[in-house]
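Me: Hi, I'm new to this one and would like to learn how to read it. Could you take me through a few features, with the general idea and then the case here?

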Amino acid sequence: MITAKDTFNLKMSDEEIVDRVVKGEQHLYEHLMRKYNQRMYRISMSIINDDKEAEDIMQTAYINAYQQLKNFQGRSSFGTWLTRILIYESLLHKKRKLKLQKVLMEKPGNDYHNDTPLKGLMNKELKGLLERAVARLPEKYRLVFVMREVQEMSTNETMEALNIGESNVKIRLSRAKEMLRDELDSYWRPQQLFEFNLVRCDVVVDFVMQRIGATQCD
């Protein structure tokens, strides 16, 4: 089993690993997957917004990339090439899902709800708030925001992956940030900062009253 530490200590470029995998060292492909898993997940999530489906798409993208390794010519970095495959698979999956949803919605008496596993896992309010705000961005802005700000891909990598110009990357990123600021500003309520909710209030009151009661009994 290859660990994250093993991946970190591997002193080879992506292209060298690809070459060795193509020549028969299949086990080295795991290094590439571990290196790009976080990027792949975040980018797919920015399109799909469903954690389980994003994982499935990642698996499909990795398999497709492996099958096409012999065709990788190094015109762009391996990471960019892999990202393109992932984006294609994510958009294809989204197209199929939307088509299926349309069919289900059109069926008489069908009570279809578009709930995702991600929604049930949000237990940190700030994280959930930000993720929901990002999810509401139009896709072309959301994708650039995740690639540049969340995954910290360079402008050039983003340009190559999305096949758009530098000015488009910058404009979309700027617009995404502007829309996020507007979205998050609507939730800003200074009165709610460090709010002392009812449950916490009950705990403190009950504790103090019990201590007072014990003192009087003495």
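Me: Is E149 buried or partly exposed?
Reply: A residue is called buried under 20% relative accessible area and exposed over 50%, with partly exposed in between. E149 has a relative accessibility of 35%, so it counts as partly exposed. Keep in mind that this is a predicted model.

Me: Which side chain does E149 meet in a salt bridge?
Reply: For a salt bridge, look for a Lys or Arg side-chain nitrogen within 4 Å of a carboxyl oxygen of Asp or Glu. Here the side chain of E149 pairs with that of K177, at 3.3 Å from N to O. The two belong to distant parts of the chain: E149 sits in helix α8 and K177 in helix α10, 28 residues apart. K177 is partly exposed too, because its relative accessible area is 31%.

Me: How many salt bridges are there by this rule?
Reply: The count comes to 11. One of them stays within a helix: R175 and E178 are both in α10, 3 residues apart, or about one turn of the helix. Their closest N and O atoms are 3.2 Å apart. R175 is partly exposed, with a relative accessible area of 32%, and E178 is partly exposed at 35%.

Me: Which residue forms a salt bridge with D14?
Reply: That's K35, with 2.9 Å from N to O. This pair links helix α2, where D14 lies, to helix α3, where K35 lies, and the two are 21 residues apart. At 9% relative accessibility D14 counts as buried, whereas K35 is partly exposed at 48%.

Me: How do α2 and α3 cross?
Reply: Two packed helices are described by the angle between their axes and the distance between the axes. For α2 and α3, the axes come within 9 Å and cross at roughly 145°. On the α2 side the contact is made by D14, I17, V18 and V21, and on the α3 side by Y29, H31, L32, K35 and Y36. Sorted by class, that gives 6 nonpolar, 1 polar and 2 charged residues.

Me: Where does α3 bend?
Reply: At Y36, by about 55°. Y36 is also one of the buried residues of α3, along with others including L32, M40 and I43. After the helix comes N49, which has a positive phi, near 60°.

Me: How many residues are in the largest nonpolar core?
Reply: The general idea first: in soluble globular proteins, nonpolar side chains tend to be buried together. In this model the largest nonpolar core has 42 residues, and M40, I43, F78, I87 and M147 have the most contacts inside it. Elements giving two or more residues to this core include α2, α4, α5 and α10. The biggest contribution is from α3, with 7 residues.

Me: What is M147 in contact with?
Reply: Contact means heavy atoms within 4.5 Å. Setting aside neighbours within four places in sequence, M147 touches I43, T83, I87, E152, M153, T158, A161 and L162. I43 and I87 are also among the core residues with the most contacts.

Me: Last one: is T155 buried or exposed?
Reply: T155 counts as buried, because its relative accessibility is 18%. It lies in helix α9, residues 155–162. Beyond its neighbours within four places in sequence, T155 is in contact with R148, E166 and V169.

Methods: Residues numbered from 1 in each chain as written. Predicted model: local features only at pLDDT ≥ 70, side-chain atom pairs only at ≥ 80, totals over all residues. Heavy atoms only, no water. Helix = DSSP H or I, 4+ residues; strand = E, 2+ residues; numbered from the N terminus. Buried < 20%, exposed > 50% of the residue type's maximum accessible area, 1.4 Å probe, protein only. Core = buried A, V, L, I, M, F, W, Y, C linked by side-chain atoms within 4.5 Å. Axes fitted to C-alpha atoms, helices over the stretch in contact; angles between N-to-C directions. Nonpolar A, V, L, I, M, F, W, Y, C, P; charged D, E, K, R; others polar. Bend = angle between axes of the 7 residues up to and from the residue.
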